[in-house]
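Please look at the sequence and the structure shown here, and keep both in view while reading the report that follows.

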Amino acid sequence: MVKEGEAVEKTFYLVAPAQHHYELSTLIRQVLPMTRVLDAPQEGVRGIILSEGETKASLYDEQGLLCREACLKERSHIYQGEAEKNWAKRVILEVLGCSLPWGILTGVRPSKVAYAYLDQGKSLTETEQILQDAYRLREDKARLCAAVADKERQLLQNHTGTDVSVYVGIPFCPTRCSYCSFGSHDQRAYDKWASSYTEALLKEMRESANLLEGRRIQSFYMGGGTPTTLTPDAMKAVLAAADELCDFSRLREVTVEAGRPDTITPEKLHVLKEMGVTRISINPQSMVQRTLDLVGRRHTVQQVQEAFYMAREAGFHMINMDFIVGLPEETTEDVLYSMQQVKQLRPENLTVHTLAIKRSSRMNEEGQAKQLLKDSHETIDQMIGITAKAAAEMGMQPYYMYRQKNMAGNFENVGYSIPGKEGLYNIEIMEERQTILAFGAGGVSKVYFPEENRLERVPNVKGVEEYIRRIDEMIQRKQKGGLAAC
């Protein structure tokens, strides 16, 4: 039997059908974090060989000796989509002798599976049972998955797939957090590029306006990075261009990630309110000062509280707050303290992320990934339970959810909301049933073709300097990338 999390930065092999190898390898890495999975046996390496129509798995040790076998004899047609692949996943978990909170689901958007069963007419209870029986989800994760899918279906009941949302990216932050892998740049190093970046962004938006003609735009979202690193004048110019592009008065929501509380000022909040922004985020990640210092946040807990009350005074009544569980040296008592603090503030939305270690993050580069991902399952599980309880005590319900690679404990990110205060853009980006036109460095436009239920990606380059230099090319990509045809 393999203990979850025991192999870190080691090698494993898997002999399986090529078309399923990636997802099956992903499942193995959820059991054995940071493990490299080969596609053929190698001397001195343990691994798994699938056979008999992917229903039998044999586990071999480093000496090549058979140490465990598993076989699933009964077949079922209950799976959505690729049944053979799902049976192979089940038998792999059997031969490894372990279970995972999310069972055999390895994708970013587990609620899509539940969504499909609900669309077929299955009840919430039936869907939860299918997730437990066929996909091996733990009971609480099956309940969460079905609840999120049910909430999404309610909020998108008039959804046609022909609406559009608009995203604008501001890739600057006051400092780069040690866990961050987003396309953000330290403002201090890139301050000289901020003006040129804004000019390029405005050009991209204005010269792509034809792509939105005749379309119904649902929502606008400005993220990053931290958009509030911009000066008030620059922020006003970007929002004015976006308003001209989208007509904020006709949108269901207009969101700006204020994010870092050390970038929030009364003047900037006044600009956001004046320009028609309806939702903002103020993201502490933790309310424990030593944690903030350790991960490079460079702001204080007091600044979080001051920024929140400042936003309330400016007239914002749709505020989200982000937290991360699994941060270095944090304990369950620390998470409980953070939730006690946020309950005093009473935001309308709470987003709880599980720490994910990305290759490009400083944590990974400095070698902290190994320790953070190892043996974290039980602690992270308790932390997630604390946050879920706090959300419920504030009258919130889960409404969107996604997963990432190399997440501590193999868990999930969940967005909670007071009923009626949900962020629709968050659901749209997860469900991928709508065209999203994205502007700025690192922005990825996603063109949705409803008749084919297909997405076509049109990416911008990530680097700020490269984006500025190649802005005409970015504009042409949009014109030629299927946006005009969808």
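## Serine 219 and its surroundings

The side chain of serine 219 forms a polar contact with the side chain of serine 165, at 2.7 Å; a polar contact is a pair of N or O atoms within 3.5 Å, where within protein one must be able to donate a hydrogen and the other to accept it, and residues adjacent in sequence count only if both atoms are side-chain atoms. This is a predicted model, in which local features need pLDDT of at least 70 and side-chain atom pairs count only at pLDDT 80 or more, while totals for chains, interfaces and linings use all residues. Residues are numbered from 1 along each chain as its sequence is written, and side-chain values use heavy atoms, with hydrogens and water left out.

Serine 219 is part of strand S9, where helices (H or I, at least four residues) and strands (E, at least two) are DSSP runs numbered from the N terminus. Serine 219 counts as buried because its relative accessibility is 0%, buried meaning under 20% relative accessible area, exposed over 50% and partly exposed in between, with a 1.4 Å probe and protein chains only. Leaving aside residues up to four places away in sequence, serine 219 touches Val164, Ser165, Val166, Leu251, Glu253 and Tyr425, a contact being heavy atoms within 4.5 Å. Between serine 219 and leucine 424 there are 7.5 Å in space, C-alpha to C-alpha, although they are 205 residues apart in sequence.

## Threonine 229 in a loop

Threonine 229 is located in the loop between strand S9 (217-224) and helix H8 (232-246). Threonine 229 counts as buried because its relative accessibility is 9%, and a polar atom of its side chain lies 2.7 Å from the backbone oxygen of threonine 226.

## The protein as a whole

The protein has 486 residues, of which 56% count as buried, and its secondary structure comes to 18 helices and 18 strands. Among contacts between residues at least 6 apart in sequence, 72% join residues at least 24 apart.

## Confidence in the model

The predictor's confidence in each residue is given as pLDDT, from 0 to 100, and for the protein its mean is 89, with 88% of residues reaching 70 or more. Over residues 363-367 the pLDDT is below 50, and this stretch has 16 contacts in the model beyond near neighbours in sequence.
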